[in-house]
Amino acid sequence: MKVAVFTHPDCAAHDMGGGHPERPARLAAVNDALTADGLADWLEWREAPLVEREALLRVHPAAHVDRLFDSAPTRGEWRLDGDTLMMPATLTAARRAAGAAIAATDAVLSGECEAAFCSVRPPGHHAERERPMGFCFFGNVAAAARHALEAHGLERVAICDFDVHHGNGTEDLVADDPRILFCSTFEFPQFPGYYGDDVPGQRVNCPLSPGTDGQAMREAVERRWLPALENFAPQLVLVSAGFDAHRDDPIGGLAWNEDDFHWVTERIGDIADRHAGGRIVSVLEGGYDLDALGRSAAAHVRALLRQP
């Protein structure tokens, strides 16, 4: 299995200040863990490009994109909500994160690699159509899904979102698009505090109670996700990979471990193998305990490599 990793130093330059959990050290924790776990030599490392405005317009209205592009501060900060700030380096980092998801989709669909992992920040799955929130500015995975459909001519793309927080932004951005199946697991109640009803063939939400362990997650995935994914038969699987469901994470209240992230990635890989020629693009979302984040991301990438 040939797996590419898309990343860029610009993604570490975005810094929302001391004490903020979505901090630059997250990127080093992931990339260092891939090396320490002996995976680096199995991976093809690539530079994340800057996303083009047109790719963002597939999921966000022009007013939202123009507002962030034109109002990005050259000094100081711009507070968009209680915990989402733009600094001078933020726009470039956000464009690299979305650009990685687009470039990884191109690489997988062109056959340059079978799967890809985007080790980038800021995350994206909370960014709604006209509202940056929850550390997120652009819908990275949603933009990649629409790119696959509209630039590559695919007919069906699945998004699998595992994170302690619901991917409300992705849900908002792909709502009412029958070409996209959105499957999500998350703790509830937890930020953002809302989620949509299931829609056959389009949306499968699996809220989990605080304290839910990996076994209960596995049962929910087997009972809810997998039948929907089998019926949908996606031609590409995108993953919002959030590792804040780990039991050691300071923000979340779930109790998963590294083996659980490996297991759910294997199940996603099984779907991709049967229906999508093994084609998977994964994009980093949450995960705020640095050690747990690194170990979990390494387990996830091992499963993308089809390694135990």
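1. His64 is found in helix H4, which spans residues 62-71, and in this predicted model the residue is buried, with a relative accessible area of 3%. Once neighbours within four places in sequence are set aside, the residues in contact with His64 are Arg129, Glu130, Arg131, Pro132, Phe137 and Phe138.

2. Phe135 sits in the loop between strand E5 (115-118) and H6. Is Phe135 buried or exposed? With a relative accessible area of 9%, Phe135 falls under the 20% cut-off and is therefore buried. Leaving aside neighbours within four places in sequence, Phe135 is in contact with Met16, His20, Pro21, Glu22, Asp83, Thr84, Pro122, Pro123 and Tyr288. Phe135 and Leu85, although 50 residues apart in sequence, are 7.5 Å apart in space when taken from C-alpha to C-alpha.

3. Two cis peptide bonds deserve a look in the backbone. One of them runs from Arg121 to Pro122, with omega near 5 degrees, and Pro122 is found in the loop between E5 and H6; Pro122 is also one of the residues in contact with Phe135. The peptide bond from Phe188 to Pro189 is likewise cis, with omega near 5 degrees, and Pro189 is found in the loop between strand E7 (180-187) and strand E8 (203-208).

4. Positive phi values at non-glycine residues may also be checked by eye. Asp176, which is not a glycine, has a positive phi of about 70 degrees; its place is in the loop between helix H7 (168-174) and E7, and at 70% relative accessibility Asp176 counts as exposed. Arg306, which is not a glycine either, has a positive phi of about 65 degrees; Arg306 is found in the segment after H10 and, at 34% relative accessibility, counts as partly exposed.

5. Helix H6 is largely enclosed by the rest of the structure, because 10 of its 11 residues are buried. The buried residues are Asn140, Val141, Ala142, Ala143, Ala144, Ala145, Arg146, His147, Ala148 and Leu149, a list that includes Asn140, Arg146 and His147 as well as several alanines.

6. One partner of H6 is helix H5: the axes of H5 and H6 (residues 140-150) come within 9 Å and cross at roughly 35 degrees, and the crossing is right-handed. On the H5 side the contact is made by Ala94, Ala97, Ala98, Ala101, Ile102, Thr105, Asp106 and Leu109, while H6 brings Asn140, Ala143, Ala144, His147 and Ala148. By class, the residues of this contact divide into nine nonpolar, three polar and one charged.

7. The largest nonpolar core has 50 residues, of which Phe6, Leu236 and Leu238 touch the most other members. Which helix gives this core its largest share? That share, 12 residues, comes from helix H5 (residues 90-109). Apart from this core lies another, of 48 residues, among them Leu39, Ala158, Leu226 and Ala241.

8. Helix H9 (residues 258-275) and helix H10 (residues 290-304) pack at an angle of about 30 degrees, with their axes 8 Å apart. The two helices are therefore roughly parallel to each other, and their crossing is right-handed. In this contact Glu258, Phe261, His262, Thr265 and Glu266 of H9 meet Arg295, Ser296, Ala299, His300, Arg302, Ala303 and Leu304 of H10, a set that divides into four nonpolar, four polar and four charged residues.

9. H10 also packs with helix H2 (residues 25-36), here at an angle of about 45 degrees and with the axes 8 Å apart, which makes H2 oblique to H10. H2 passes H10 in a right-handed crossing, in which Ala25, Arg26, Ala29, Val30, Ala33 and Leu34 of H2 meet Leu290, Leu293, Gly294, Arg295, Ala297, Ala298 and Val301 of H10. By class, the contact of H2 with H10 has 10 nonpolar, one polar and two charged residues. Arg295 of H10 is listed in the contact with H2 and in the contact with H9.

Conventions: Residues numbered from 1 in each chain as written. Predicted model: local features only at pLDDT ≥ 70, side-chain atom pairs only at ≥ 80, totals over all residues. Heavy atoms only, no water. Axes fitted to C-alpha atoms, helices over the stretch in contact; angles between N-to-C directions. Helix = DSSP H or I, 4+ residues; strand = E, 2+ residues; numbered from the N terminus. Parallel < 35°, antiparallel > 145°, perpendicular 65-115°, else oblique. Left-handed = near helix turned anticlockwise from the far one by under 90°. Contact = heavy atoms within 4.5 Å. Nonpolar A, V, L, I, M, F, W, Y, C, P; charged D, E, K, R; others polar. Core = buried A, V, L, I, M, F, W, Y, C linked by side-chain atoms within 4.5 Å. Buried < 20%, exposed > 50% of the residue type's maximum accessible area, 1.4 Å probe, protein only.
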